[in-house]
Amino acid sequence: MRSSFDVMETRSTCPYCGVGCGVIIEHDATQITGVRGDPEHPANFGRLCTKGGTLHLTMTPQAMAQRLTHPQLRRDKAAPRLRAGWDTALDHAAEKFARAISEHGPDSVAFYISGQLLTEDYYVFNKLAKGLIGTNNVDTNSRLCMSSAVAGYKATLGADAPPCSYEDIAHADCLLIAGANTAWAHPVLFRRIEDARAANPAMKLIVVDPRRTDTAEAADLHLAILPGTDIALYNAMLHVLLWEGLVDTDYIRAHTEGFDALKAIVRDYTPAMAADICGVKAEDIVTAARWFGLAPAALSLYCQGLNQSSHGTDNNAAIIHLHLATGKIGKPGCGPFSLTGQPNAMGGREVGGLANLLPAHRDMANPEHRAEVARLWGVADVPAKPGLAAIELFEAVHRGEIKALWIACTNPAQSLPDLKRVHEALKNCPFVVLQEVTADTDTAPYADLLLPAAGWGEKDGTVTNSERRISRARAAVPAPGEARADWRIVVDFARRLEERLESRRPRHGDTLFPYANAEDIFKEHRATTVGRDLDIGGISYALLESTGPQQWPLRAGAAAGTPRLYADGVFPTADGRARFKAVQHRPTAEATDPRHPLHLNTGRLRDQWHGMSRSGIVPRLHAHAPEPAIEMHPRDMERRGINDGDLVRLKGKRGSLVLRAAASSTLRPAQTYIPMHWGGRYMSGLGVNALTLPANDPVSRQPELKHAAVQVEKFVTGWQLVAMRRDDAGSLHAALQPWLARFDHATLTLAGRESGVVVLRAWGGADTPSPTPELLAELAAAMGLDGPRMLAFDDARRGIAKRALIEDERLAGALLCKETRAADWLLDLIAGGGKFGGSTTELRKWLFAPLATPPAAGPARGRIVCNCFDVSENEIRAELAAGLDLAALQAKTGCGSNCGSCLPELRRLAAGAEVPVSG
């Protein structure tokens, strides 16, 4: 920690994606006031994306308004939760779990945890379940994003160990990005790709994605395959490599096995056959294979597009085959590189924090491995039966088999597929514990016990990023109120449970959880890895403090970690050889049909993350994609009589959803796209995952969250309502969420930059009566619009009602019912933007006028493209129309010159191309 006058600095890591960026937290020892990229961290060298660069805004007094600060307990499902002391809360939890274990066995309890936990947190959860209780029912939300990558690595290379490093990007001659919109999901990594291409203009970039994303826009070759056809593509590429003599037969013979069986399969996967399956040109498949095979160094990067599939393990194996067949692995610029979606999904995998894993990449089916873990933990045994993976776990909850469920740092009521069934399961579970930083999640209403956890910037430990690099996460400020570090909560509970489990109680009054701090846990975790493929015997907190982040393996006595694996061609299998897996194309789990003729794809937004419980509380991060929407091809919209901006109803086989439609030619016809983030806190209904299906990969158990079959039809509206209110306290968004259920459709989002604004948009169907004066009065009161400075306009005959609240000569809020043309520029005014800087002095007489633009002030600002410098799309278009080129635009406005996340979009605007609205 360094201090300069009143500003103190603490090095830590970013809690968003798996790139593992280093950050420097600025604070005064009580409050975090700023954040910037750590120029010395090898993952990002000072760069941050829009989310990382606004982390300090998740810690403002307004953002902290929704933080949990003390335990809350209800002893009856019908009763409200009340404040409880820690002793009462944990004693109650221990009694509930002990009773369930005694009456129904250890498999009647379960833990569902998160890739956002620190490694030390993960370790004690795993030991609690598998060591103390004797159940393998501990799974994690990493099951939803990375378990197919784990299974794919194990099936081919022998261990869950990404063999590459970020530095390999600069050494690659051909880069294959598959099922990943790196420009939006891993933007700091995409900056590396841009740098590498600038340094090596001959580098070829191939992008495989059904949509023309920002990443695909940058590609030399975009293969817009149909959903679920990855295996056919990679088998066809291998076919071309074989046909044209671009495989390394010496490498195959010396270092692999199983190639002949795969060769017999791919013989049939001609480019023409694969082109028919994948929906791309045969000559493009040949080009991709040639570029990959002829390149001295070829690197592949892949993510959820491969993983979130009912055959995700085989998808991963198919792309890894290209590297094994050409010998492009274990060398600079080479290898199959799975990108993690969470900051510590890797750390959870290292400690065995999935229902089918044991610590340090040990195999649960191996009795010697189970015995090793039992000895290391000091328990009699570790159960042999694999635990319930995420989908199976919540099915067991639904059937009533799980009597006590502990959820930590994740939001399954938003993120799991088939949400209606998940909500039913949580509602009926006898005892639910939620360990969280906030009660403002979709899961929180189902918790019988809420435990306040420390969050980012408040706790110590380690994380591991996508390139196997371990970094220190450090506390800069204390947690609020009575909140505790996650590991401490688990240890305090485990010690209580020990006293109640006689059959598993340690001898001589000892405890399995003797830790005084996070470092004690790390040391025990380190001991479990010694002699394993991920040996970190040479890593300590002291080394991480003095030398910085380190890559594993780093054995005791070694001078440095290992940037890339398998350079010697020896793999962690019984015979040291990698495996080819005989994989065949299989379709998506849910086919389209006449009743559901459209493909639904899901993915990420540039400025939001997961369920938005952190990023969603920062108003400016809503500016790039202000509200939930479904992208559709214009031809599909025309056939259904849908115009851009209309509301539509999506119907799937498990649920339905109403959204605004957005025309986009980034999709081929018969395909649609919705960002994964929107849940029931931001829109009517349960959210996007009400439509997705629980079908999952038979090996990895990862669900096919990427695809479902749907129908879309126009939702005819009778009226619209828009209500906006500046929220200086930070509590209004959570308070208004019950209103989402009171309309046929509604959204509840944030806007603004320095001042946050809560925006409620609601619609009624064609046959739904207009809102009554009583309902409007109730809503105005709920939003604090009914003060003495409120202006009102009513046209009872037409059902039009308008309200405006003036505070200190500034517009603080407004409500428009039925006539809403002025909503956009009034929102700019409330947020303090635009020509008038928020003042109503010149505009007061126009506040209720049916004007789409403010008088003499130009159009509303519109969607924000550059979040760093608050530059809108309309402003960018105006500057470009005035003759500025991209360089001059950047010099004048600053856009694209900081984090760079908006650069692909700026280039497209400068070229006059269409701007995709999501990624």
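Contact here means heavy atoms within 4.5 Å. The model is predicted, so local features need pLDDT of at least 70 and side-chain atom pairs count only at pLDDT 80 or more, while totals for chains, interfaces and linings use all residues. Side-chain values use heavy atoms, without hydrogens and water, and residues are numbered from 1 along each chain as its sequence is written.

Q: Which residues of helix H19 are called buried?
A: Buried means under 20% relative accessible area, exposed over 50%, partly exposed in between (1.4 Å probe, protein chains only). In H19 (residues 419–428), the buried ones are Leu419, Val422, His423, Ala425 and Leu426.

Q: Why are the buried residues of H19 said to line one face?
A: The arc is that of the directions from the helix axis to the C-beta atoms. Down the axis of H19 the buried residues fall within 160°, so one face it is. On the other side, Lys427 and Asn428 are exposed.

Q: What do the buried residues of H19 pack against?
A: They pack against helices H17 (390–399) and H18 (412–415), plus strands S17 (404–408) and S18 (431–436). Helices (H or I, at least four residues) and strands (E, at least two) are DSSP runs, numbered from the N terminus.
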